[in-house]
Amino acid sequence: MIYFKLPFDETVYSTDQKQDKESVSFQSFDLLRQITFEGHIINASGQFEHDTITNENLLKDESHFNEETKDEYVKTLHEVIEVIKDHDLPKLVYSRRKIFTDFNEIDYKESFKKLCTSYPNAFRYLFNDGKNAWMGAFSETLGKFNKTTHQFETMSLAGTLPVSEEWTEKEIEEQKPVTSYIKDILENYSENIEVSETYDHISGNIKHLRTDFKARIQPEDLDSLIHDLHPTPAVCGIPKDFCKQNIQKFEKFPREFYAGFIKVETDESVMYFVNLRCARLYKDSVHIFVGGGITAQSDAEKEWRETELKSEAVLKNLVVS
């Protein structure tokens with residue numbers, strides 16, 4: 001079972017599972033796991049309204065994970081900052097899990113509805129394949145390819161603050177290398193690249209800095225381009241391979257499908273969305289994945305508060321009893 005909504009589109013979609021066609025797939029951060037939903041994409045609004053989706057439909061949590069305490073997080077983050085300083089890194093993304101267990105029942109259909117209302121500009125989804133159940137909503141596009149015009153669009157999205165606060169040098173400097181990274185990769189695939197001004201991207205109670213890119217590419221280069229872009233500095237860091245190694249070294253938990261990407265293919269386009277603001281769902285717990293871009297100027301206390309703020313994207317929308 002999968003239900004999803006595209007950005008700025010309130011239609012509930014699913015797949016009909018009738019043909020051997022991969023319409024929607026979820027790729028793990030390390031690219032080693034994939035969950036695929038086959039069939040043509042269909043309007044499933046009526047089906048969704050008649051469906052009952054609660055935590056009783058899900059598997060029990062047998063992961064035996066204990067969430068990272070604030071002290072553990074701060075201690076490790078200081079070690080991460082030392083690595084950043086020692087190697088003069090522009091940025092490294094460090095993440096954690098927040099595990100929510102304070103409930104008897106969660107109505108995931110109503111939770112998904114609330115999530116959709118809170119984040120109308122995001123790709124929003126809820127799925128359960130019998131072994132894995134996830135829900136999420138985030139508006140970073142890894143890529144969008146128009147099959148007719150061959151135009152490819154992507155974005156540089158980094159830096160996080162509450163909507164009411166002013167940008168500081170830390171957020172501005174965090175976003176710059178993300179923009180440079182994407183531009184450098186696109187130049188390998190296209191001679192004409194359009195780059196927008198950097199502007200505020202509002203996502204619920206927080207905002208990010210965003211720069212948009214457009215380029216015409218060859219259709220046969222699409223898969224290669226996506227794999228060059230993933231993982232972007234917004235979810236990994238720079239340089240990519242070194243940061244991935246340190247993510248595996250310092251993070252307490254595997255990322256699984258968090259910070260991976262979601263591919264949605266229609267007759268007209270192929271869309272790729274970064275899987276951030278998301279949670280893995282169990283019968284007796286919800287694992288919420290949150291992270292932040294760490295620089296040499298990062299303050300550990302502030303970074304903790306930022307991850308707490310990001311966890312609200314899922315937590316505040318859970319309909320519990």
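Arg210 has its place in strand 13 (residues 206–216), where helices (H or I, at least four residues) and strands (E, at least two) are DSSP runs numbered from the N terminus. The model is a predicted one, in which local features need pLDDT of at least 70 and side-chain atom pairs count only at pLDDT 80 or more, while totals for chains, interfaces and linings use all residues. Residues are numbered from 1 along each chain as its sequence is written, and side-chain values use heavy atoms, with hydrogens and water left out.

With a relative accessible area of 17%, Arg210 is buried; the classes are buried under 20% relative accessible area, exposed over 50% and partly exposed in between, for a 1.4 Å probe and protein chains only. The side chain of Arg210 makes a polar contact with the side chain of His201 at 3.0 Å, and a polar contact of 2.6 Å joins the side chains of Arg210 and Asp212. A polar contact is a pair of N or O atoms within 3.5 Å; within protein, one must be able to donate a hydrogen and the other to accept it, and residues adjacent in sequence count only if both atoms are side-chain atoms. Leaving aside residues up to four places away in sequence, Arg210 touches Met155, Ser156, Leu157, Gln175, Glu197, Thr198, Tyr199 and His201, contact meaning heavy atoms within 4.5 Å.

His208 is also found in strand 13, and it is buried, with a relative accessible area of 3%. A polar atom of the His208 side chain lies 3.0 Å from the backbone oxygen of Gly159. Not counting residues up to four places away in sequence, the residues that His208 touches include Phe138, Leu157, Trp167, Tyr199, His201 and Arg277.

### Two helix pairs

The table gives the axis geometry of two pairs, with axes being lines fitted to C-alpha atoms, for helices over the stretch in contact, and angles running from 0 to 180 degrees between N-to-C directions.

| Helix pair | Axes | Angle |
|---|---|---|
| Helix 2 (residues 70–86) and helix 7 (residues 300–315) | within 10 Å | roughly 125 degrees |
| Helix 4 (residues 169–186) and helix 5 (residues 222–229) | 10 Å apart | about 155 degrees |

Helix 4 is therefore roughly antiparallel to helix 5, given that angles under 35 degrees count as roughly parallel, over 145 as roughly antiparallel, 65 to 115 as roughly perpendicular and the rest as oblique. The contact is made by Tyr181, Ile182, Ile185 and Leu186 of helix 4 and by Leu225, Asp228 and Leu229 of helix 5. By class, this contact of helix 4 with helix 5 has six nonpolar, no polar and one charged residues, where Ala, Val, Leu, Ile, Met, Phe, Trp, Tyr, Cys and Pro count as nonpolar, Asp, Glu, Lys and Arg as charged, and the others, Gly among them, as polar.

### Exposed positions

Asp71 lies in helix 2 and is exposed, with a relative accessible area of 64%. Gln297, in the loop between strand 18 (286–294) and helix 7, is exposed at a relative accessible area of 57%.
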